[in-house]
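Here is a short note for a colleague who is opening this structure for the first time. The points below are meant to be read beside the sequence and the model.

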Amino acid sequence: MSELRLLACEEALKLLAAFLDGELGGDEQDDVERHLERCRSCFSRAEFEKQLKAQLGALGREPVPADFGERIRTLIARFDRRTGTDR
Ligand SMILES: [Zn+2]
């Protein structure tokens, strides 16, 4: 039996978004799945992301307010300013 290739948590988390979208190829999909089976912290992280996506998906079915994009941009701009690297 060949030894299983296990991803490092860092790698697994990097692939997590694509994994949840089902965008990974067979091997990578398997790798992440295998990692989640063995790694509690990444598993709960994956569960969290899944919940988040489910909620966003539910939101997506509601009509989006006209200024939604604008509001997001304002939030991001405010965040950037607070953590801003320029001085
Ligand atoms: Zn992990």
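**Helix packing and core**

1. The axes of α1 and helix α2 (residues 26-38) come within 10 Å and cross at roughly 115°, where axes are lines fitted to C-alpha atoms, for helices over the stretch in contact, and angles run from 0 to 180 degrees between N-to-C directions. Helices are DSSP runs (H or I, at least four residues) numbered from the N terminus.

2. This is a predicted model, in which local features need pLDDT of at least 70 and side-chain atom pairs count only at pLDDT 80 or more, while totals for chains, interfaces and linings use all residues. Residues are numbered from 1 along each chain as its sequence is written.

3. On the α1 side, the contact with α2 is made by Ala12, Leu15, Leu16 and Phe19, and on the α2 side by Glu28, Gln29, Val32 and His35; two residues are in contact if their C-beta atoms, placed from the backbone, lie within 7 Å.

4. The largest nonpolar core has six residues, namely Ala12, Leu16, Phe19, Val32, Cys42 and Ala46. Such a core is a set of buried Ala, Val, Leu, Ile, Met, Phe, Trp, Tyr and Cys residues joined through C-beta atoms within 7 Å, and buried means that 20 or more other C-beta atoms lie within 10 Å of a residue's own. Two or more core residues come from each of α1 (9-21) and α3 (40-61), with α1 giving the largest share, three residues.

5. Leaving aside neighbours within four places in sequence, Cys42 is in contact with Cys9, Ala12, Leu13, His35 and Leu36.

6. The protein chain has four helices and zero strands, and 9% of its 87 residues count as buried.

How values were computed: A residue is buried if 20 or more other C-beta atoms lie within 10 Å of its own, exposed if 12 or fewer, and partly exposed in between; C-beta atoms are placed from the backbone.
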